[in-house]
Amino acid sequence: MKNIKALLAVFLLSLAFSAMAQVDFKYYPYELKLKHAFNLATMSRTTTPGVQVEITVDSVTGYGEASMPPYLGESVESVTAFLERIDPERLSNPFALEEIHAYMDSLAPGNRAAKAAVDIALHDLTGKLMGQPWYAIYGLDGERTPCTSFTISNDTPEELAKKIKESEPYSIIKVKMGVPGDRELIETIRRHTDKPICVDVNQGWKSREEALDNINWLASRNVIFVEQPMDKTDIEGHKWLKERSPIPIVADEAVQTSADIPALAEAYDGINIKLMKSGGLHEAYKMAVLAKALGLKVMIGCMTETSCAVSAAAQLAPMAEWVDLDGNLLIANDLFDGMTIAPDGRVTLTPTPGIGISKK
Ligand code: MG
């Protein structure tokens, strides 16, 4: 009943907004400060650039965010250059998500983080106008959410001990591998805890044999799945690996939008959906539906982001087998309160309309 009302509200509001309205479209760079240096297979960093977006219609404001890890090729400059090209008038019916995405795609084919920022703000705005959080609009049970993993990146023994301590409330640990010393990192964590670990290789293993050898070693150490073990373009290699691996293989870098999914269905057991890759929630929801239809498991991930983009992604958590929504926990200067993590590590959605956030 709630959802019929919500749909009716969308229809009526959509009619009202088609003859609309003053739109205020704002954006500004916001650099995220990381609590600890983030060490990946290819680099290390202590800040991550971001852009915040605010779309106000009739004094209701929706918040959105672009976060730009360097590997996606976007920057504050490219995001703001894209946002500058948007005619705010084209956002005057914020419910016309399909149409607005087609308009944004007509401006430029890529720029997905920039598009995600607009998409997230529109979801926040329309959810607020409907008085419903998006998980409820999708018809999902907000209570049925998995536990999030908490990322521990390699570090000096002292820093590592601190990070392991910090991970105590979380029931799953995520470890980045594909760097020298990565097996030692797993051993170190195992000396402190036997909690399940998921491993993200970020394409770091160079051959099928190296990947399989590592995966067999990890499987005997309570590792529950491995994300993107090899180069994202190596579909045949991942297919070979999937046939032999005792634990699930999840695609991350190999999958951006729903168009990528059918070709990957035989090479992976699951996909990691992130709003900055998909261009926002509108596409991310389609991806989750398609993945499930193809028998793939769904993981919802994030970049290093404030609670804005993380809470938006969390709206899809009830559709996921695994979630990796710790981006906001890793930063020291969050702008929002949003989804929280229960004492057992479970993602806890707030019934706040929109994407479930409030500005601090
Ligand atoms: Mg990953």
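I count N, O and S atoms within 2.8 Å of the metal as donors, and water is not among the atoms, so a site may look incomplete. I keep in mind that this is a predicted model.

**Entry: the metal site**

I looked up the magnesium ion first. Three residues coordinate the ion: Asp200 through OD, Glu227 through OE and Asp252 through OD. The distances are 2.1 to 2.2 Å. I wrote the donor spacing in sequence as D-x26-E-x24-D. Aspartate 200 and aspartate 252 link distant parts of the chain, 52 residues apart. I found aspartate 200 in strand E8 (residues 197-200). Aspartate 252 sits in the loop between strand E10 (249-251) and helix H10 (261-264).

Next I traced the strands. Eight of them form an open sheet, and its order reads E6-E7-E8-E9-E10-E11-E12-E13. The pairing is parallel. Which strands are at the edges? I noted strand E6 (149-152) and strand E13 (322-324), each pairing on one side only. From one strand to the next, the twist averages 25 degrees.

I then went back to E8. Four bridges join E8 to strand E9 (residues 223-227), and the two run parallel. Aspartate 200 stands opposite glutamate 227 in E9. Both of these residues are among the magnesium donors.

I also checked what covers these strands. Helix H8 (residues 208-219) lies across E8, E9 and E10. Its direction is at about 155 degrees to E9.

**Entry: aromatic pairs**

I describe a pair of aromatic rings by the distance of the centres and the angle of the planes. The count came to six aromatic pairs. I followed two of them.

Tryptophan 134 and tyrosine 138 form a tilted pair, at 5.3 Å centre to centre with 55 degrees between the planes. Tryptophan 134 is buried, as is tyrosine 138.

Tyrosine 138 also pairs with tyrosine 285. This pair is stacked, with 4.3 Å between centres and 10 degrees between planes. It links distant parts of the chain, 147 residues apart. Tyrosine 138 is in the loop between helix H5 (134-137) and E6, while tyrosine 285 is in helix H12 (residues 281-293).

Tyrosine 285 counts as partly exposed because its relative accessibility is 27%.

Methods
Residues are numbered from 1 along each chain as its sequence is written. This is a predicted model: local features need pLDDT of at least 70, side-chain atom pairs count only at pLDDT 80 or more; totals for chains, interfaces and linings use all residues. Side-chain values use heavy atoms; hydrogens and water are left out. Donors are N, O and S atoms within 2.8 Å of the metal (3.2 Å for Na, K and Ca); water is not among the atoms, so sites may look incomplete. Two strands pair if DSSP finds at least two bridges between them. Axes are lines fitted to C-alpha atoms, for helices over the stretch in contact, and angles run from 0 to 180 degrees between N-to-C directions. Contact means heavy atoms within 4.5 Å. Rings of Phe, Tyr and Trp (its six-membered ring) pair if their centres lie within 6.5 Å; planes under 30 degrees apart count as stacked, over 60 as edge-to-face and the rest as tilted. Buried means under 20% relative accessible area, exposed over 50%, partly exposed in between (1.4 Å probe, protein chains only).
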